[in-house]
Amino acid sequence: MHNRVIHQPQASFPAHPGFESPRLSQTTPIRELFLAGDWTRTELPSTMESAAESARRAVDAVEEYLTAAK
């Protein structure tokens with residue numbers, strides 16, 4: 001079995017001031033529509049970690065919505 005580690009310095013980028021402002025929240029004004037993805041507002045650059053954090057926040061928002069609906 002052969003393995004190779006590939007390093008990509010451009011895989012993530014440094015966050016600049018204001019990078020968070022155009023990104024959308026996990027909650028939306030549309031009833032029962034929630035968003036998740038590395039491009040949503042997570043306070044992290046657009047990375048795999050940001051995608052995981054976004055999913056966690058979206059799940060929390062859905063749980064909060066369902067709890068409030070009871």
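**Glu-53 and its salt bridges**

Author: In this predicted model, a polar contact of 2.6 Å joins the side chains of Glu-53 and Arg-56. The pair also qualifies as a salt bridge, with N to O at 2.6 Å. Glu-53 is found in helix H1, which covers residues 48-69. Because Glu-53 and Arg-56 are three residues apart in helix H1, about one helical turn separates them. Glu-53 has a relative accessible area of 18% and is therefore buried, the limit being under 20%. Arg-56, at 43%, is partly exposed. Salt bridges that share partners join Glu-43, Glu-53, Arg-56, Arg-57 and Asp-60 into one network. If residues up to four places away in sequence are not counted, Glu-53 touches Thr-42 and Leu-44.

Glu-43 counts as exposed at 57% relative accessibility, whereas Arg-57 is partly exposed at 23%.

The count of salt bridges comes to six. One of them is formed by the side chains of Arg-31 and Glu-32, at 3.6 Å from N to O. Arg-31 is exposed, with 66% relative accessibility, and Glu-32 is exposed as well, with a relative accessible area of 53%. In general, side chains of opposite charge can pair when their charged atoms come close.

Technical notes
Residues numbered from 1 in each chain as written. Predicted model: local features only at pLDDT ≥ 70, side-chain atom pairs only at ≥ 80, totals over all residues. Heavy atoms only, no water. Helix = DSSP H or I, 4+ residues; strand = E, 2+ residues; numbered from the N terminus. Polar contact = N/O pair within 3.5 Å; in protein donor to acceptor, adjacent residues only side chain to side chain. Contact = heavy atoms within 4.5 Å. Salt bridge = Lys/Arg side-chain N within 4 Å of Asp/Glu carboxyl O. Buried < 20%, exposed > 50% of the residue type's maximum accessible area, 1.4 Å probe, protein only.
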